[in-house]
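I opened a new page for this chain. I wanted its surface first, then its helices, then the annotated segment.

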Amino acid sequence: MGGISIWQLLIIALIIVLLFGTKKLRTLGGDLGSAVKGFKKAISDDEAAAAAPAAKKESDNDADFEQKKIADEQKPADQTTTNQKDKEQV
C-alpha cells in the first residue's frame, strides 16, 4: 500500500525511455559503468600504495629537503654586492 508497485516502476521507466531515448540512456549507462570501474581501480591503487609505505621505516616517510647552512645562503648575497661594486667602479 505505501510502497511503489512493479507497475508504477514500469510506467516510470517507460516515461524515462520516451523522454531521453534509448541511445542516450545507453551512452549514459556506459559512462556510468566506466566511472565505476575507474573508481574501483583508484581505490585498489590507493590500498596498494598505502600498504607499501607501512613496511618502510619512519625515517623514509619524512620529506626530503636539502639542508643548507647559513653561510651557503650568504654567499650569493655577497656575490651580488661585489657585482654591484664592480659596476659602480666602471
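I began with the accessible surface, which comes to about 8,900 Å² for the chain. Carbon and sulfur atoms account for 60% of that area. The model is predicted. I then looked up burial: of the 90 residues, 0% count as buried.

Next, the fold. I found three helices and zero strands. From the N terminus on, the order reads α-α-α.

I turned to helix H1. H1 covers residues 6-20, which is 15 residues. From first C-alpha to last, H1 reaches 21 Å, close to the 21 Å expected at 1.5 Å a residue. What follows H1? I found glycine 21 there, with a positive phi near 90 degrees.

I checked the record for this stretch. UniProt, in an unreviewed entry, lists residues 6-22 as "transmembrane region". I noted that the annotation may be inferred rather than shown by experiment. In the model, the span 6-22 is 94% helix and 0% strand. Its end C-alpha atoms lie 21 Å apart.

Then I looked for nonpolar surface. One patch of about 1,200 Å² turned up. Its members are Ile4, Ile6, Trp7, Leu9, Leu10, Ile11, Ile12, Ile15, Ile16, Leu19 and Phe20.

I picked one patch member, Ile6. Isoleucine 6 sits in helix H1. Is isoleucine 6 buried or exposed? I put isoleucine 6 down as exposed, because its relative accessibility is 55% and the cut-off for exposed is over 50%.

Note on methods
Residues numbered from 1 in each chain as written. Predicted model: local features only at pLDDT ≥ 70, side-chain atom pairs only at ≥ 80, totals over all residues. Heavy atoms only, no water. Helix = DSSP H or I, 4+ residues; strand = E, 2+ residues; numbered from the N terminus. Expected span 1.5 Å × (residues − 1). Patch = residues over 30% accessible without salt bridge, like charges linked within 9 Å, V, L, I, M, F, W, Y side chains within 5 Å. Areas by Shrake-Rupley, 256 points an atom, 1.4 Å probe, with all protein chains shown as cover. Salt bridge = Lys/Arg side-chain N within 4 Å of Asp/Glu carboxyl O. Buried < 20%, exposed > 50% of the residue type's maximum accessible area, 1.4 Å probe, protein only.
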